[in-house]
Amino acid sequence: MRTAIEDLTVTLAGREVLSGVHLIAGEGEIAGLVGPNGSGKSTLLRTVYRHLKPSAGRVLLAGRDVRSMTPTETARHIAALPQERGGDFEFTVREVVAMGRAPYQRAFAGEDARDREVVAEALRQVGLAGAEQRSYAALSGGERQRVLLARAFAQQPEVLVLDEPTNHLDVRHQVELLALLRARRRTTLISLHDLNAAASLCDRLHVLHEGALVASGPPREVLTPELLEKVFGVRAAVLEHPLTGDPLIAFDHRAPA
Ligand SMILES: Nc1ncnc2c1ncn2[C@@H]1O[C@H](COP(=O)(O)OP(=O)(O)OP(=O)(O)O)[C@@H](O)[C@H]1O
């Protein structure tokens with residue numbers, strides 16, 4: 001579902017933390033948000049899934065302002081993996097994932113066969129089939145993350161909003177997640193710190209710096225040594241990945257730019 005962010009400004013505690021951001025993710029497009037700490041990535045994503053209210057501008061899903069939708073309507077269109085992954089709820093893994101079906105259930109109606117099928121498939125996709133009865137509170141950070149991803153998948157959204165979905169994941173689970181997102185081909189807004197993962201996954205990258213969008217385009221065009229130096233303050237060479245042909249950023253880890 002085409003997602004358009006128009007002239008978005010967000011003010012928090014009296015400070016403008018996002019200023020006039022324009023960004024479009026076309027139907028089926030994976031749009032990546034990258035930028036240094038505090039540049040506004042989570043703020044932008046939170047505004048898309050209506051956790052925050054913009055002070056100006058709007059978020060349109062297929063032309064409709066998300067703020068004109070009911071919470072249930074929003075939940076049928078957008079599923080989010082937020083950065084807060086709370087750990088204290090006393091639920092099993094399956095119960096957490098099944099919460100993703102709530103937007104489709106009538107009050108007190110409970111699960112039907114379709115809900116059970118979707119929950120089982122979501123658990124399988126994140127490699128947690130067999131872990132249904134484990135306690136969510138007792139899981140590791142990476143396991144919790146996969147449970148919350150499965151909950152987002154179970155929501156069967158048209159737009160997936162993922163805030164740093166690969167942090168905490170070991171490299172195998174990172175690769176599996178990126179492959180899964182590629183295969184799903186749903187409109188996705190994703191923030192990533194790993195620029196090589198972003199370059200390999202995303203159709204377009206959007207670079208935030210101090211609350212403003214400073215570059216947008218295909219990864220190969222956006223991730224230049226000049227931009228990496230100016231925005232991230234690092235020295236890097238941009239090569240071609242010998243196995244995939246994707247852009248491969250080789251950082252100089254010895255000193256900042
Ligand atoms: N609830 C809040 N109240 C006040 N300021 C906030 C709040 N949430 C975020 N900010 C500020 O907004 C700015 C952008 O934060 P945000 O979390 O969007 O950045 P980010 O790019 O996601 O950072 P990171 O890479 O560290 O996750 C930061 O300066 C942050 O301190």
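# Strands, helices and the ligand shell

User: Which residue in E4 stands opposite isoleucine 5?

Analyst: Isoleucine 5 stands opposite valine 59 in E4. This is a predicted model, in which local features need pLDDT of at least 70 and side-chain atom pairs count only at pLDDT 80 or more, whereas totals for chains, interfaces and linings use all residues. Residues are numbered from 1 along each chain as its sequence is written.

User: How do you know that strand E1 and strand E4 pair, and in which sense do they run?

Analyst: Strand E1 (residues 3-12) and strand E4 (residues 56-61) are joined by five bridges. Within E4, arginine 58 is the bridge partner of glutamate 6. The strands themselves are DSSP runs (E, at least two residues), as are the helices (H or I, at least four), numbered from the N terminus.

User: What makes E4 and E5 a pair, and how many bridges join them?

Analyst: E4 and E5 are joined by two bridges and run antiparallel. The bridge partner of leucine 61 is arginine 64 in E5. The hairpin of E4 and E5 has two residues between the strands, and alanine 62 takes a positive phi near 45° there.

User: In what sense do E1 and E2 pair, and over how many bridges?

Analyst: E1 and E2 pair in the antiparallel sense over seven bridges. Leucine 18 in E2 is the bridge partner of valine 10. These two strands form a hairpin with two residues between them, and alanine 13 in the turn has a positive phi of about 50°.

User: Why are E2 and E5 called edge strands?

Analyst: The open sheet of four strands has the order E2-E1-E4-E5, with antiparallel pairing. Its edge strands, E2 (15-25) and E5 (64-65), each pair on one side only.

User: What is the order of the open sheet of six strands?

Analyst: The order is E6-E7-E8-E3-E9-E10, and the pairing is mixed. Here the edge strands are E6 (78-81) and E10 (212-217), each of which pairs on one side only. The twist averages 15° from one strand to the next. Strand E3 (residues 30-34) and strand E8 (residues 187-191) pair in the parallel sense over four bridges. Glycine 32 stands opposite isoleucine 190 in E8.

User: Why is H4 called oblique to H5?

Analyst: The axes of helix H4 (residues 113-125) and helix H5 (residues 141-154) come within 8 Å and cross at roughly 140°. That angle makes H4 oblique to H5, because angles under 35 degrees count as roughly parallel, over 145 as roughly antiparallel, 65 to 115 as roughly perpendicular and the rest as oblique. Axes are lines fitted to C-alpha atoms, for helices over the stretch in contact, and angles run from 0 to 180 degrees between N-to-C directions.

User: Which residues in H4 meet residues in H5?

Analyst: Val118, Val119, Ala122, Leu123 and Gln125 in H4 meet Ala150, Phe153 and Ala154 in H5; contact requires C-beta atoms, placed from the backbone, within 7 Å. The residues of this contact divide into seven nonpolar, one polar and no charged. Ala, Val, Leu, Ile, Met, Phe, Trp, Tyr, Cys and Pro count as nonpolar, Asp, Glu, Lys and Arg as charged, and the others, Gly among them, as polar.

User: Which residues are around the ligand?

Analyst: They are Leu12, Ala13, Val17, Gly35, Asn37, Gly38, Ser39, Gly40, Lys41, Ser42 and Thr43; a residue is near a molecule if its C-beta atom, placed from the backbone, lies within 6 Å of it. The shell divides into three nonpolar, seven polar and one charged. Helix H1 (residues 41-48) contributes the largest share, three residues.

Note on methods:
Two strands pair if DSSP finds at least two bridges between them. Two residues are in contact if their C-beta atoms, placed from the backbone, lie within 7 Å.
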